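Student: Please take me through the ligand site in this model. I want one close look at what surrounds the ligand, and then at the strands and loops.

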Amino acid sequence: MSVLRLGLIGNPLGHSWSQRWFEEMFRREGFEGATYGLYPLPSLDGLREWVLQEGLAGFNVTIPYKEAVIPYLDGLSEEARAIGAVNCVCVRDGRLTGHNTDAPAFRETLLPHLKPWHTRALVLGTGGASKAVSHVLRGLGVEPTLVSRGRTRGYAPTKRLSRVVSYAEAADLVKNHLLVVNATPVGMYPDTEATPWPYAERWTARHLAYDLIYNPAPTLFLKQATEHGAATLGGLPMLHRQAELSWDLWQ
Ligand code: NAP
């Protein structure tokens, strides 16, 4: 029986629950011929040769490689191209094609919780996940403003990128940006006492805090939002949905 070899590349991967999710799904569905490995890669040098040598049929991409992986690929799906980030790669006949399943997973998990007053959002971080999130928000008619530690200068807004502000500016904007999405790794295991949002006292009952991090659940970011009466969403449903969508592509 031929084996369908899949996996996750990134660095570090200690926080990841993807392997557990896939192995449980393979067991549940009786897929004996599939494996999902964790590959913490120190760099992407020689990625194509390594993928072909390992015989991978597909792989997920996580921090910090969602954007950096693009030059190593032969093609991109329309949505991955529009976003400028890839979290799922299909390998077929030696060709590597990049997709973005974070975007539909974020869209589907956010939609049931979106209220009419969520017309503007703050998106913390300017990495690959932030790009998928802001692409989806724009599609839903929610205006995203990205919040960065240092990219506000010399970071030209393009069609793809929204306005970028500093955390100090965001502290003021949050009163009329009632959706705040954490798309940074701050607060993720093992650094669970950290939060990317130092303005907990500014949460209100009309705010929705969405943390893409799923380990721990809840994060300090979400605990503080709850304490101040805001609605919250953790990253686990999104993780599961992007994994299901990746599996659909690999099959
Ligand atoms: P990334 O490419 O490494 O980017 C994260 C961004 O966060 C950086 O560009 C940076 O923006 C900001 N950042 C990084 N370190 C920071 C720090 N110490 N303090 C403040 N800001 C910091 O990561 P990513 O791939 O976008 O992923 C971000 C997070 O989302 C990760 O925790 C990942 O696990 C999670 N995620 C979850 C799901 C899911 O399915 N639930 C899907 C995708 C991603 P600035 O330099 O501009 O500040």
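Tutor: Helix α8 gives the largest share of the shell around the ligand, three residues. This is a predicted model, so read each distance below as a computed value. Two helices, α5 (128-139) and α8 (236-250), each supply at least two residues of that shell.

Now take the shell by class. Eleven of its residues are nonpolar, nine are polar and four are charged. The shell holds 24 residues around the ligand. Those that come nearest are Ile 63, Thr 126, Ala 129, Ser 148 and Leu 212.

Next, the polar atoms. In Thr 126, a side-chain N or O atom is 2.5 Å from an oxygen atom of the ligand. In Ser 148, a side-chain N or O atom is also 2.5 Å from an oxygen atom of the ligand. Gly 128 takes part through its backbone: one of its polar backbone atoms is 3.2 Å from a ligand oxygen. As for cover, the ligand taken alone exposes 920 Å², and the protein buries 84% of that. The space that the ligand takes is the largest pocket.

Ile 63 leads on to the backbone. The peptide bond from Ile 63 to Pro 64 is cis, with omega near 0 degrees. Pro 64 lies in the loop between β3 (56-61) and β4. There is another cis bond to check. It runs from Ala 217 to Pro 218, with omega near -5 degrees. Pro 218 is in the loop between β11 (208-211) and α7 (220-227).

The loop with Pro 64 runs between two strands, β3 and β4. Both belong to an open sheet of six strands, in the order β2-β1-β3-β5-β6-β4, with mixed pairing. The edges are β2 (34-40) and β4 (75-76); each has a single partner strand, so one side of each lacks a neighbour in the sheet.

β4 runs parallel to β6 (residues 95-99), and two bridges join them. Leu 76 has Gly 98 of β6 as its bridge partner.

Now cross to the other neighbour of β6. β5 and β6 run antiparallel and are joined by five bridges. Here Cys 90 stands opposite Thr 97 in β6.

Finish at the turn. β5 and β6 form a hairpin with two residues between the strands. Asp 93 sits in this loop, between β5 (88-92) and β6. Its phi is near 50 degrees, a positive value in a residue other than glycine.

Key
Residues numbered from 1 in each chain as written. Predicted model: local features only at pLDDT ≥ 70, side-chain atom pairs only at ≥ 80, totals over all residues. Heavy atoms only, no water. Near = heavy atom within 4 Å. Polar contact = N/O pair within 3.5 Å; in protein donor to acceptor, adjacent residues only side chain to side chain. Areas by Shrake-Rupley, 256 points an atom, 1.4 Å probe, with all protein chains shown as cover. 1 Å grid on protein atoms, 1.4 Å probe; cavity = no way out; pocket = protein on both sides within 12 Å on 5 of 7 lines; lining within 4 Å. Sits in = over half its atoms within 2 Å of the grid points. Helix = DSSP H or I, 4+ residues; strand = E, 2+ residues; numbered from the N terminus. Nonpolar A, V, L, I, M, F, W, Y, C, P; charged D, E, K, R; others polar. Pairing = 2+ DSSP bridges.
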